[in-house]
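Open the structure in your viewer and keep the selection panel at hand. The stops below go from one region to the next.

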Amino acid sequence: MATEAAAAVGVGYTKLTKASGRTVLDLATEAARSSAQDAGVPLAEIDGVVSFSVLDDSVSSEAVATTLALPELRYVMDFHQGGQSPCFMIQQAAMAVTQGYAKNVLVFRALNGRSGVRVGSGQFAGGAAQYRYPIGYNAYLMYIAMWAQRYLYETRTDPRALGEVAVAQRAYAERNERAIQRRPLDMDSYLASPMVAEPFRVADCTSEVDGACAVLVTTLERARDLRHPPAVIASAAYRAGARPGLDIGDQLLYDDYTRNFTSLLREELYRRADITAGDVDFAEIYDCFTAVVLMGLEGLGFCGRGEAGEFVRSGATGLNGGLPVNTHGGLLAEGYLHGMNTVAEAVLQIQGRCGDRQVARHDVGVVTSGALVDGSALVLTTDR
Amino acid sequence: MSAPAPPTPAPGAISEFFWSGARRGQLMIQRCQACGTYIHLPRPVCRACHSFDLLGEPVSGRGSLYSFTETHRPFHPFFVDRVPYLVAVVELEEQAGLRVLTNLVRVAEADVRIGMAVQVEFERLSDDLTIPVFAPAVAA
Ligand SMILES: [Zn+2]
C-alpha cells in the first residue's frame, strides 16, 4: 500500500421514509452532520464536500457547507450522474485528502426519491429520448429489464434466480432496522409479486425512499486517532464501456447486454489493492434491480459465467455463506439512496459495527456503484 | 374526453429524416457517406472514420431480435390502454451491432424468441407521428 492512504471513518443517515415532509437540504445536512459526529471529527475541520444528483433532485455541496457553517471549504464536487457515482465520489474524496488538497471530505447523497423526483419515471430531455418515449420505452427499469432478458437467455439462467437474490437480501433486511422492506420474503411470495417489466416483478425492484446518507473520508493517519477503526480505501476504479451512450437510456452501441461495467474494471480494481476475488470477505453490489447482482457476481469474478443464479441459490451470499452480499438488504430492501447507503454499509461491516447482520470475516470488502455500461467500485479493508 | 396524445418527439436537424421516413413508410438509418458505416442513434460524426458527411438512407427493415421486455405498467398516460406491450432491441441485417429500439407487434409474448427474424412495419399513432415497429418475419 502507498504511504499516503485514505480511509472512510464515519457514516450518517437520516431515517428512510416514503414521505419525509422535509427539504432535501434538511436531509442532506442531517446525514452529513451525523457522519462527522459518528467519526468524532469536529465540523469545523470538514473542508471538503462532494455529492451527486440526477434531474436536479438534490442540493449543492456548497449549500450543505453553508448549512453546516463549514469555515474553510477547499474541495467541492457536484457530480451529475446517478447510481454510477457513490464509489467514484469516495475515490474523489480519497484523492483530495491523500494529495493534501483537503483534510476531511464529506460525501453525501440526499433526495426525496419517493415523494419528490422519482428517477425511474422522469422525462429525460435530450436527443436520445425521442427514440424511446414514442414506443413506451420510458422507465429506467425497462432498460435494465432489456439487459436482464438477454442475460437470462445467453446464460440459460432460470428467471427464478432473480427471486433467489430478492429472497436472500430480504433475510438481511429483517436484521436491519433501517430497511424499509422488512417483511419476510420466500420464493412463493416472490412469484406472487406482480410483473412490472419482464423479467422484473415488484420484488425485483428497488424501494424508492426519501432520505440521505453520508460518509466521511480522511487520511489513514488521521483515521487511526478517531472513534472507530478505519475502513481503508485500498482501491477504487471507474469504468465506462466504449460508446457509453448519449444519455441514461441509450445503450444501443454497447455490444454486450450480459456483462456490465464490473467485468471491465475488475482487473484494475483488484490489482490496485493487490488482491484477488478469492481474498474478498463480503461484497455490497449495487442493486437497483435483482439482475444487476447476478451480473456483478460474475463480473467481479466471484463465480463463473452463468453461475451467479446457482451461487445465490446455494446460500453463498447469505450471512453464513462464503461471500455475504448486500448485508443491509440492498437497495431492494433498505431503500434507494442510489448506492450511497451501499458504500456506508460496507464501511460499517469493515468497522465491525453491524450487530445482528455483522459478517464474521470482514477484512476485505468490495462495493460497486452502477448497473449497466458504466460505474465505479471500491475495495475497503481493515487497517492491516 | 379525448384520448391521451402519444409522446411525440421534437426532432432536430440530425434526426428529422428518421421521423419523416417513418411517415412515408421507410426505415431510414444514418450512414457515413465516406466509409459506409451505419450509425444509430444519429450522431454528428462517423464513429468509424470521423467524417461529418452523414445522410439518412433507407434500409431493408429486416433484422433479428437481440432482446425484449414486456411492460405491464404504464409510465405515461398514452400507454394505459396499451399495456402489456413489447419493447425490443432489433439488430438490423445491414451491419453487425446496428441496433434499433422498437415495439414488437402481432406476436404474443409467449411466442417471442430472442434471435427470431423480424421485419419492419409502421404504426401511425397520430397525424404527426408514425413509428417503425417490428413483427415476426414472414417466410418468403
Ligand atoms: Zn465513416
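This is a predicted model: local features need pLDDT of at least 70, side-chain atom pairs count only at pLDDT 80 or more; totals for chains, interfaces and linings use all residues.

Colour the two separately. Where the two domains touch, domain 1 of chain B puts in seven residues and domain 2 of chain B puts in 13 residues. Show the side chains on the domain 1 side: by class, the residues there that touch domain 2 of chain B are four nonpolar, two polar and one charged.

Next, bring chain A into view together with chain B. The contact between them draws on 29 residues from chain A and 35 residues from chain B. On chain A, select α4 (140–155) and β5 (195–197); each of these supplies at least two residues of the side that touches chain B. Of the elements on that side, α4(A) gives the most, with six residues. Colouring the chain A side by class would show 17 nonpolar, six polar and six charged residues.

Select helix α5 (residues 160–173) and helix α9 (residues 290–299) of chain A. Their axes come within 8 Å and cross at roughly 95°. An angle from 65 to 115 degrees counts as roughly perpendicular, so α5(A) is roughly perpendicular to α9(A).

Find A:L43 in the loop of chain A between α1 (24–39) and β2 (48–52). Is A:L43 buried, exposed or partly exposed? A:L43 has 15 C-beta neighbours inside 10 Å, so this leucine counts as partly exposed; the buried class needs 20 or more, and the exposed class 12 or fewer.

Which residues is A:L43 in contact with, leaving aside its neighbours within four places in sequence? Select A:R33, A:A36, A:L68 and A:L70 to display these contacts. For A:L70, draw a distance line from C-alpha to C-alpha: A:L43 and A:L70 are 6.6 Å apart in space, and 27 residues apart in sequence.

Key
Residues are numbered from 1 along each chain as its sequence is written. Chains are lettered from A and ligands numbered from 1 in the order in which they are written. Helices (H or I, at least four residues) and strands (E, at least two) are DSSP runs, numbered from the N terminus. Ala, Val, Leu, Ile, Met, Phe, Trp, Tyr, Cys and Pro count as nonpolar, Asp, Glu, Lys and Arg as charged, and the others, Gly among them, as polar. Axes are lines fitted to C-alpha atoms, for helices over the stretch in contact, and angles run from 0 to 180 degrees between N-to-C directions. Angles under 35 degrees count as roughly parallel, over 145 as roughly antiparallel, 65 to 115 as roughly perpendicular and the rest as oblique.
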